[in-house]
Amino acid sequence: MSGIGTGYDLYPTTFSPDGRIFQVEYAHKAVENSSTAIGLCCKDGVVFGIEKIILSKMLVEGTNRRVFSVGEHIGIATAGLTADGRRIVQNARQEAKNYENFTSDIIPIHVLTERLSIYVQVFTLYNYIRPFGCSLMIGSYDEEKGPSLYCIEPDSVALGFYGCAIGKGKQEAKTEISKLKLSEMTCKDAVKEIAKILMKTVHDETKEKEMELEMSWICKETKGKHKLVPKKLIEEAVEWVKGQENEED
Amino acid sequence: MFDLEKDFLYDLSKEVKTGTTVMAVTFENGVIIAADSRTSSGSYAVNRVTDKLTPVQDQIYCLRSGSAADTQIISSYVSYYTNMFSIEEGSQPTVKKAAHMFREFLYQNKQYLHAAIICAGWDPIEGGSVYSLPLGGSIVKQPFATGGSGSTYLYGYCDMNFKENMTEEEAEKFVTYGITEAIARDGGSGGIVRKAIIDKNGVRRKTVYGNKLKKFWEK
């Protein structure tokens with residue numbers, strides 16, 4: 001691949017002859033280097049699951065978080081450069097707070113998504129700031145409107161999804177997700193399914209180190225608030241996945 | 001000694017009080033708002049047929065009292081922002097949102113402004129609502145609200161005659177008689193009674209001309 005963009009890939013301010021902005025495409029590569037994150041819209045909420053590679057036995061569990069709350073009712077999961085993701089979340093929190101102060105209503109997720117898109121896009125315009133090297137999944141659950149899930153990529157395109165995956169194993173994950181009947185699934189079931197996809201399909205035990213599951217949800221049970229999935233549920237899901245594997249053998 | 005803040009700026013921000021009476025009342029289907037029509041400068045009536053019912057959105061109105069300049073610019077701002085937000089969100093703005101935007105402007109700029117606003121209207125979520133935003137920039141949701149110099153003559157009248165969930169007829173009578181009484185008693189209020197009925201079908205404007213105003217006790 002190297003050599004293809006030569007000359008046209010130094011700054012985001014240059015188009016290539018075939019109409020591409022290489023710096024933005026390279027930003028996508030940064031996302032593809034990171035471990036996988038999955039988001040699913042179930043009938044009673046949205047669940048996020050992230051495959052976190054444990055780099056060292058000395059690291060505390062749950063450290064290096066990749067899932068964040070914005071306001072109480074919106075969750076954001078990141079893949080790519082985590083620091084870039086944190087910067088965007090900072091901006092999202094500011095937007096949400098300002099909106100609430102001004103209008104006394106909580107910010108609707110599609111408004112927040114559009115504003116973050118605009119923010120991310122700004123960084124693809126200039127030669128002195130680089131594009132963000134991360135993709136974000138933004139999820140929320142509302143009693144009336146139901147679950148919503150959006151994904152923003154480094155090129156600032158924001159799309160609404162029923163189920164989405166970002167990071168290294170997104171292709172395999174997306175294939176597995178498309179087999180699921182999301183409209184009939186509850187969040188509790190989704191926790192198990194996501195654990196299965198991350199542990200079995202996406203994570204390669206031979207090549208990589210051990211993994212840790214980080215999961216969060218916004219659902220009817222949490223009354224529309226973004227919370228980490230209780231540890232007990234994750235442990236049960238991991239047990240279930242291991243049980244399934246034994247059955248298959 | 002000449003103190004910039006105390007002498008110069010204070011004088012500049014002092015406004016000639018233009019008398020007014022405004023009322024907003026919730027009824028079973030929405031809200032009715034009403035105002036007198038006099039804008040006075042001292043004892044001269046600059047406009048005897050003023051329209052004080054200012055639209056902020058299609059079904060959200062505001063009643064302005066205090067400095068005309070201050071209230072006009074703020075209702076412009078709120079109109080602009082509610083428009084922008086409703087386009088972004090793809091849904092009709094609520095009265096609560098508009099009222100809270102008013103509050104933000106009034107409170108953050110309280111040292112420069114002399115403005116009191118009543119924000120009233122209809123939205124699909126709450127139905128009819130009335131929000132009172134007095135001088136300091138606080139916000140209170142009320143079943144009915146009155147404002148302006150003539151409102152002092154109406155506290156007793158309103159307390160004794162207001163009922164929750166009135167019919168449209170009852171509510172119309174309530175506001176019309178209220179404004180009529182205030183016009184009779186308050187020198188700063190006069191002219192005709194302008195009303196607007198805001199419900200799920202939109203806004204209907206009505207006027208009661210001077211000679212049709214009911215005469216209460218007078219010799």
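Modeller: UniProt positions are given here in the numbering of this model, with feature names shortened, and annotations may be inferred rather than shown by experiment. In an unreviewed UniProt entry, the annotation "domain: Proteasome alpha-type subunits" covers residues 8–30 of chain A.

Biologist: On what conventions does the model rest?

Modeller: The model is predicted, so local features need pLDDT of at least 70 and side-chain atom pairs pLDDT 80 or more, while totals for chains, interfaces and linings use all residues. Residues are numbered from 1 along each chain as its sequence is written, chains are lettered from A and ligands numbered from 1 in the order in which they are written, and side-chain values use heavy atoms, without hydrogens and water.

Biologist: How much helix and strand do residues 8–30 of chain A hold?

Modeller: Helices (H or I, at least four residues) and strands (E, at least two) are DSSP runs, numbered from the N terminus. Residues 8–30 of chain A are 39% helix and 0% strand, with the end C-alpha atoms 19 Å apart. Chain A has six helices and 10 strands.

Biologist: In what order do the five strands of the open sheet in chain B lie?

Modeller: Two strands pair if DSSP finds at least two bridges between them. The order in chain B is β5-β6-β7-β8-β9, with antiparallel pairing. Its edge strands, β5 (53–57) and β9 (140–142) of chain B, each pair on one side only. Strands β7 (residues 115–123) and β8 (residues 127–133) of chain B share seven bridges; B:A120 has B:V130 as its bridge partner.

Biologist: What percentage of chain A is buried?

Modeller: Buried means under 20% relative accessible area, exposed over 50%, partly exposed in between (1.4 Å probe, protein chains only). Of the 249 residues of chain A, 49% are buried.
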